[in-house]
Amino acid sequence: PAIDWRTCKIAATLWGEMGVGMRIREVRTVGLRGATPEGGWSNELGPDDVVHTLVAVNTDEGLVGYGSVFTSEALVRSALAVLEPLYSSENALEPERVCEKLRQNTFWQGRGGAITHAISGIDIALWDVLGKATGQPVGRLLGGRYRERVLPYASLLMEEPGPLSEHLVSLGEQGFRAFKIGWGPFGRKSVKLDETLVKAAREAVSDEALLAVDAGGSDAFWRQGYKWALRTARMLDDYGVAWFEEPLDPDALEDYAALRRIAPVPISGGEVLTRRQSFEPYIKAGAFDIVQPDVTKVGGISEERRIGWTAEENGVRMIPHGWNTAVGLAADLQLASALSKTDLVEYKTGSPYIDEVDAGGWKLDEDGMLAIPSAPGLGLELDHDAVARFSGGRSLHGG
């Protein structure tokens, strides 16, 4: 058909009004403190450290995009000081190019780690800016939305069987239909207790519910190895467990590949890896049935999308792990909409940084599903009073 030049002209004019030349004016960060849920690593890092960190990209046209980093606030702040000469006055509507520039120019600071974590927050925030500028949800900008809702699994720490059962029953009453239990005493006390915990959990959530188990092999000085993991995987299969997460030290690539070949339940991991290049050896070696990159660590939405593509091409399922704040959850939801086989997201229960920081709140439907926001950008609106309450009154917005 003939090109309608009038339509093209109107579109070009609107694009210009939306700010093709929109520039990054300032990047701000605040750490959330005072309500860190158990399992948020506050005790491991010390009471004054903060690992739930928000980032905001402020633009010269007034639009603000939000990101999240699951890394100590002090490290994010220092990383931003290193990165500032590279992102200052950059085009705020080009997240992939800008963040690749940040990566390529900071390899000498370490290929991964704190710099990559901080870039993750910037990348998420830039996608949020681009969505707001174009009036589109991020998932559509990533190529299209395969789904409008997704199943969240309630993520909680293990405790003694009685309290664990009560907690799971309570979550079921709130509408959750999928659950993951992890860490706590599992793999740390006795084989008998491990099975007692899993048995109690299965009885609490019914046979129909999805139940996953996370050993927490990235814990400091994790002492279990391949033989324990294989025995435990066989036990978990008896209880219909959907997957066995981090049963081994994160660096045990060969053991992961061997375990995955023989274990009767799917094996998952990867939440502590950064950069797509770190995931490729695990995916190529067949180490995981399910790969779980954390959008707030791995390099952001741009990098995680590439990991998702690689996983799909190699028959590996991807379930995102950006669970630590409402912003991280929102990024996961947009990724879940844009990746054809990603139909689950993690929901950390009992965290005010998820439940209170989003002004609209999160609501499960009658099927226990979460709607994927269709509003522009990440589709969430921050409750700035809550952010101020958890950050000592600091603001993410520039003057």
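Predicted model: local features only at pLDDT ≥ 70, side-chain atom pairs only at ≥ 80, totals over all residues.

Residues are numbered from 1 along each chain as its sequence is written, and side-chain values use heavy atoms, with hydrogens and water left out.

**Stop 1: the helix pair.** Select residues 226-238 (helix 9) and 253-262 (helix 10), whose axes come within 10 Å and cross at roughly 25°. Helices here are DSSP runs of H or I with at least four residues, and strands are runs of E with at least two, numbered from the N terminus. Axes are lines fitted to C-alpha atoms, for helices over the stretch in contact, with angles from 0 to 180 degrees between N-to-C directions. Helix 9 and helix 10 are therefore roughly parallel (angles under 35 degrees). Show Tyr226, Ala229, Leu230 and Arg234 of helix 9 with Asp255, Ala258, Leu259 and Ile262 of helix 10 to see the contact (heavy atoms within 4.5 Å).

**Stop 2: serine 337.** Next, pick serine 337 in helix 13 (residues 326-338). Serine 337 counts as buried at 0% relative accessibility (buried is under 20% relative accessible area, exposed over 50%, partly exposed in between, with a 1.4 Å probe and protein chains only). A polar atom of its side chain lies 2.6 Å from the backbone oxygen of glutamine 334.

**Stop 3: two loop residues.** Serine 206, between helix 8 (191-205) and strand 6 (210-214), has a positive phi near 85°. Finish at arginine 275, where phi is near 75°.

Note on methods: Parallel < 35°, antiparallel > 145°, perpendicular 65-115°, else oblique. Polar contact = N/O pair within 3.5 Å; in protein donor to acceptor, adjacent residues only side chain to side chain.
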